[in-house]
Amino acid sequence: MNILYVITMPERGGAQVHVADLIRRLAPNHEITLATSQTADTFLIDEALRAGARVRVLKHLQRPIVPLDEPKAYVEIRDLVKELQPDLVHGHSTKAGILARMAASAEGVPGLVTVHGWSFSDGFSRKMQVLGKLAERWTARKGQPIIVVADAQKRLGLDANVAPEEQLHVIHNGIADHDARATPGAERDVMEVVMVARFQEPKNHADPLRVLAQSDAGLHVTFVGDGAKEEAMHTFARSSGVQDRVTFAGYSSDVIPFLTRAQVFMLISDSEGFPLSILEGMRAGLPVVASDVGGIGEAVVEGETGFLVPAGDVDLLRKRLEQLAADPALRKRMGEAGRARFEQLFTLDAMIERTLDVYEVATKGTLVRPSV
């Protein structure tokens with residue numbers, strides 16, 4: 001099977017980790033090509049080459065919308081489809097997903113897209129939301145399957161009249177299992193909370209710092225990640241007087257040591273699709289405190305595997321963290337429940353199998369099902 005994956009940026013992020021997992025699983029037995037742009041962070045390019053896939057760097061594919069460059073990016077992708085003659089073109093991210101489906105359709109090749117977050121969801125400008133809806137509706141008229149990573153994303157797509165229900169396929173993200181476990185029930189004077197997230201929109205690092213400034217409970221927060229807003233959060237921590245209760249760990253290619261040292265996993269965001277980082281926390285056996293946005297409520301069961309907090313509700317976030325700090329048995333029980341839920345629903349094997357099911361839909365059953 002010859003598959004072309006197209007994604008706008010190769011830098012590390014949830015969508016890129018997702019594509020890397022697909023490539024690692026399928027590349028040993030199938031012909032895989034990754035098409036993406038060139039950035040300083042070449043995470044996905046490196047992972048694809050390591051897995052034995054081919055990589056094509058596209059000159060005109062980039063994150064910002066540049067009207068004069070979009071037709072050039074489309075031509076680049078279409079020329080690549082002509083050259084490779086793939087059995088399937090699978091686009092990821094808004095812009096790449098639209099251009100890849102257009103190019104595939106023009107060349108008579110089956111295509112599909114995975115939507116990791118609609119461009120018309122909360123957090124985008126009004127202009128982007130309007131343009132995003134129009135572009136998605138127009139592209140979806142070609143009838144190609146659309147994978148969404150959460151039921152919430154499916155509902156959003158249906159509400160926006162992007163495509164009929166039968167065209168939208170929900171496949172929750174999944175990650176590979178790991179033996180490393182945290183000990184959330186351990187009794188300590190200070191409860192260690194970890195948040196793995198880049199310092200950029202839609203992640204919200206300020207609210208956890210506000211909690212530290214308001215709480216007398218024994219709480220320590222470790223932020224794992226980097227990004228444009230990191231220095232501003234350093235300044236905010238100092239001005240709030242909590243610099244001794246927070247650690248800025250920076251970027252790490254291996255978050256497992258941070259997870260195993262923690263007792264609670266936290267992700268505070270203004271909007272989300274279905275974040276992988278929460279699954280990593282559940283895999284490690286940690287209770288999760290997270291913003292109730294996007295598909296997070298499909299991973300975290302309120303009161304059972306953790307707590308869901310409305311975006312921007314600093315007071316409830318503080319209360320939930322303090323509740324967990326005071327109750328080691330609750331942390332242990334929630335962590336065990338989260339681990340069991342991960343095993344049941346969010347493994348990489350399950351995600352791969354469901355993705356291959358959609359590949360069969362996209363190719364109308366004309367291809368032999370790939371062996372994972």
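**Strands and helices in a predicted model**

Strand S1 (residues 2–7), helix H1 (residues 14–26) and strand S2 make a right-handed β-α-β unit. Right-handed means that, with the strands pointing away from the viewer, the path from the first strand over the helix to the second runs clockwise. Helices (H or I, at least four residues) and strands (E, at least two) are DSSP runs, numbered from the N terminus.

This is a predicted model, where local features need pLDDT of at least 70, side-chain atom pairs count only at pLDDT 80 or more, and totals for chains, interfaces and linings use all residues. Residues are numbered from 1 along each chain as its sequence is written, and side-chain values use heavy atoms, with hydrogens and water left out.

Back to S2. S1 and S2 are parallel, with five bridges; two strands pair if DSSP finds at least two bridges between them. Leu4 has Thr33 in S2 as its bridge partner. On its way from S2 to strand S3, the chain passes through helix H2 (residues 43–51), again in a right-handed β-α-β crossover. S2 and S3 (residues 54–57) pair in parallel over four bridges, and Ala35 is opposite Arg56 of S3.

Now the open sheet. What is the order of its six strands? The order is S10-S9-S8-S11-S12-S13, with parallel pairing. S10 (246–250) and S13 (306–309) are the edge strands, each pairing on one side only.

Within this sheet, six bridges join S8 (residues 191–196) to S9 (residues 219–224). Met191 has Leu219 in S9 as its bridge partner.
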